[in-house]
Amino acid sequence: MIDLVSQEYKKLVFKSFVQIGALTLSVEEFIDIVFPNFANEIESEILKIAESLQIADVWVNIKNIIDANEFEHPLMIALYKNELLREIIGPEYSFIDRYPKVYDRIFREILPYLIEKFNTNKENADDSTYLSIGLIGASYGQELITILKYLFPYLSKTENSEKTALNIDVLNKPNIIFDKLKNNNLIYPKTVISKYMSPEELQFYFRELDSEYLYFSDLIFKQIRFINLNLLDKNNLEEFEAKKYNLIFLHNVIQYLEPKKGEDLNFICQFLDSILYEGGIISIINESKVINSHITNSFEHLYKLSGLYSEEKVCKASIYKKNYY
Ligand SMILES: C[S@@+](CC[C@H](N)C(=O)[O-])C[C@H]1O[C@@H](n2cnc3c(N)ncnc32)[C@H](O)[C@@H]1O
């Protein structure tokens with residue numbers, strides 16, 4: 001079945017579809033990133049669904065059905081159930097500089113402190129060990145872009161002697177998005193990136209694909225390791241051979257961890273504790289105060305009184321230091 005509507009129209013329809021499940025979240029920027037990266041896959045799934053339901057002009061139909069709030073329509077039900085659509089949207093929702101207050105605290109206060117401490121503890125001036133940052137839960141790279149923006153003063157120094165030796169690991173369960181991120185196959189609209197980055201930062205971290213889109217520069221791939229890590233897979237956790245981290249970001253991952261029946265998730269707290277250096281910092285955000293809140297509670301218990309920051313207004317955001325005393 002041939003569909004003659006434009007890509008812009010398809011993107012608009014896709015956005016209306018995502019907005020239904022996103023409640024009050026703003027999805028504009030998210031769709032600006034998701035749609036160009038998966039346009040072909042989305043199109044092919046939607047055409048397959050249209051064919052199975054014998055629906056012509058499927059894009060126009062979806063739009064009309066959404067506008068009429070007919071959420072029980074067989075086409076809508078088939079879209080909700082579609083595996084690819086489920087995989088690339090809901091649990092991957094993110095945007096750049098999502099938690100300015102938390103990032104501000106980490107990059108303006110905590111990181112300088114960690115670096116100073118790290119440098120004073122080094123045995124030799126030319127000690128080549130790195131201060132390690134672990135980012136768990138990458139989505140389409142929005143939080144990585146945020147972190148890179150804040151790290152620009154450290155990473156952009158040209159003189160080796162002035163550079164802070166930083167190692168960044170991005171960890172995520174294997175999925176089609178992380179696969180693209182790892183292989184530098186994700187593209188980002190210039191309009192989105194330039195809202196957050198200065199021209200110098202943009203030029204440092206990105207290359208132009210064409211007049212509209214950017215992709216990460218090779219430099220990023222020298223500085224960053226992308227590692228598969230499924231927090232729910234005990235074997236994966238046992239075999240995890242990454243270095244330990246001085247700073248771990250675990251933002252909006254906890255609520256997506258569905259334990260097996262009868263299983264508690266304490267093994268995840270133990271794992272996180274095991275990959276954090278003594279004196280290291282972990283920032284945990286769980287936008288749902290209900291789902292898996294016991295993981296955050298276990299951390300509170302484990303790192304008793306070591307909270308450096310806590311915010312409960314929009315979500316539960318906490319920063320802890322391992323072995324405060
Ligand atoms: C909502 S996004 C959060 C992205 C970003 N950290 C942020 O705060 O905006 C959730 C991320 O967690 C990842 N994730 C979900 N379950 C996971 C698991 N069991 N192990 C590792 N990562 C997981 C998803 O693939 C996705 O990248």
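Predicted model: local features only at pLDDT ≥ 70, side-chain atom pairs only at ≥ 80, totals over all residues.
Strand E7 covers residues 245–251 and runs parallel to E8, with six bridges between the two. Within this pairing, histidine 251 lies opposite isoleucine 285 of E8. Strand E8 (residues 276–286) is also joined to E10, here in the antiparallel sense and again through six bridges. In that pairing, isoleucine 282 faces tyrosine 320 of E10. Of the eleven residues of E8, eight are buried, so the strand is largely enclosed by the rest of the structure. Strand E10 (residues 316–321) has five of its six residues buried and is therefore largely enclosed by the rest of the structure as well.

Turning to the helices, two packed helices are described by the angle between their axes and the distance between the axes. For helix H1 (residues 7–21) and helix H3 (residues 58–67), the axes come within 10 Å and cross at roughly 35 degrees. The crossing of H1 and H3 is left-handed. H1 contributes Tyr9, Lys10, Val13, Ser16, Phe17 and Ile20 to the contact, while H3 contributes Trp59, Ile62, Lys63 and Ile66. Sorted by class, the residues in the contact of H1 with H3 are seven nonpolar, one polar and two charged.

Notes:
Residues numbered from 1 in each chain as written. Axes fitted to C-alpha atoms, helices over the stretch in contact; angles between N-to-C directions. Helix = DSSP H or I, 4+ residues; strand = E, 2+ residues; numbered from the N terminus. Left-handed = near helix turned anticlockwise from the far one by under 90°. Contact = placed C-beta atoms within 7 Å. Nonpolar A, V, L, I, M, F, W, Y, C, P; charged D, E, K, R; others polar. Buried ≥ 20, exposed ≤ 12 C-beta atoms within 10 Å, placed from the backbone. Pairing = 2+ DSSP bridges.
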